[in-house]
Amino acid sequence: MARGEELWQTPRGPARVTLATCDLGLGPGVLRAAYASLPRYFADADAVMDFESRLVYCMVSIQGFARDDLMAKPFSERGARQTELEVLTAYAAAQSRGAIIDVPQRARQERESYARGRALFYRRAGPYDFACATCHSADQRRIRLQELPNLTRAEGARSAFAHWPAYRISQGAVRTMQWRLTDCVRQQRLPELLFGSQATIDLITYLGVLAQGGAMDAPSLRR
Amino acid sequence: MRTRQIVSLIVLALAGCATAHDEGVEAVDLAPIIQSSFRARGQAGLDRLKQTEMQRLCSSAQAHALPADQKQRLQRQALEGVRYPDDERWLGDWKRGEQIAQSGAGMQYSDKPEAPRGGNCYACHQLSAAEIAFGTIGPSLYRYLERNDRGVESMRRTWTQIWNSHAFNACSLMPRFGDAGILTPDQIRDLMALLFDPASPVNR
């Protein structure tokens, strides 16, 4: 967390500036509660962005980092040092602890993102015919002993949205919402879901809108 | 009276359309997003994203409420694709079956393609009493022989269920272990033994 704060506040990148002017949707430099209101539509990028894609956008447009470099390795290997994106994400999410989840649906692009996210959630594919909904659309189900949140209801969606990023004990590392999605999709036997892809953003929008009204509680501790 | 019935049928039909539209699952074109959001990795190629007709029809929050004709078609197609053991040898070794039921390995891009695959049955089903880490997405199969006899019809039904459960239940959540080539016929025989052998821990 301290490393995240330092990374956020240190002048970095080819432009030698901090992320202090990064607009996460609540105005330049406003971190408090910003994570709780993402994904949202950003006119400057003409795109709906979740926190992690917005962070990349800021690091590229403000600090001058190369997008391809940032996207190449967003998640750390097990046991290795956390990536800058992970550390910055954990730090920013912590500034939203206690904030009420409020993912907007005012812009047409935000509503379209939700509709696609919902359709993706129910989309079955691959040799196992799995969709997100296969495991996450009924109450009180579990895989082995692991309880599965029903992500189609506010209670389950709030719990899932509120607790990421998380320190994942089984991984020995801080993991982000983007990582969580790619790991779910791996277990669905599908190809690799790309970091920052439209599908990830749309799924997070769907989850975030259903989680409306919950209180952020990240970074948390997860099995 | 007749007119009234027709009117109420039309109202019902329109209500059905309105629901489907509001839910918006079928109306959304995901093709461009699917195209841009994945990359092939290991054994998981991009071909896995292409949907079969069954997968498309079952990709809805209302999949359980598919029209009867579609449901019957999916079930008939599933049943027609089942390959049964030609020698009527239904049962293998329950000990190997238990290992297959325990293992969740197989077909993830993080798995070795040449390594033996599991059925991961315990992820969703209770089987042996000794294994308490079982999931609850599927029904308990503990004491299977209390609810199923060892006759050919019963074995055939269970084989079909493992091969392609959509034969009985269109849009079932259970993977098509035989139909999709996840498990080999020999592995399915071992799972059959886990369920049907009186000496199997499932039945003791």
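Visitor: What share of chain A counts as buried?
Guide: In this predicted model, 50% of the 223 residues of chain A count as buried.

Visitor: How many helices and strands are in chain A?
Guide: Chain A has 9 helices and 8 strands. Its radius of gyration is 17 Å, close to the 17 Å that the globule rule gives for 223 residues, so chain A is as compact as a globular protein of that length.

Visitor: And what does the C-alpha trace span?
Guide: About 50 × 40 × 30 Å along the principal axes of chain A. As for contacts in chain A between residues at least 6 apart in sequence, 67% of them join residues at least 24 apart.

Visitor: OK, domains. Which ones does the assignment give for chain A?
Guide: Domain 1 covers 2–94 and domain 2 covers 108–222. Their C-alpha centres lie 21 Å apart. Where they touch, domain 1 of chain A puts in 23 residues and domain 2 of chain A puts in 21.

Visitor: Which element gives the largest share on the domain 1 side?
Guide: That's α4(A), with 5 residues. By class, this side of domain 1 of chain A has 13 nonpolar, 5 polar and 5 charged residues.

Visitor: Where do strands from the two chains pair, and is it parallel or antiparallel?
Guide: β7(A) pairs with strand β1 of chain B, residues 38–39, in the antiparallel sense over 2 bridges. Within that pairing, A:Leu193 stands opposite B:Phe38 in β1(B).

Visitor: One more, over in chain B. Is B:Gln72 buried or exposed?
Guide: Exposed: B:Gln72 has 12 C-beta neighbours inside 10 Å, and the cut-off for exposed is 12 or fewer.

Visitor: Which helix is B:Gln72 in?
Guide: Helix α4 of chain B, residues 68–80. The C-alpha atom of B:Gln72 is separated by 9.2 Å from that of B:Asn169, and the two residues are 97 residues apart along the chain.

Conventions. Residues numbered from 1 in each chain as written. Chains lettered and ligands numbered in written order. Predicted model: local features only at pLDDT ≥ 70, side-chain atom pairs only at ≥ 80, totals over all residues. Helix = DSSP H or I, 4+ residues; strand = E, 2+ residues; numbered from the N terminus. Buried ≥ 20, exposed ≤ 12 C-beta atoms within 10 Å, placed from the backbone. Pairing = 2+ DSSP bridges. Domains from an automatic or database assignment. Contact = placed C-beta atoms within 7 Å. Nonpolar A, V, L, I, M, F, W, Y, C, P; charged D, E, K, R; others polar. Rg over C-alpha atoms; globule rule 2.2 N^0.38 Å.
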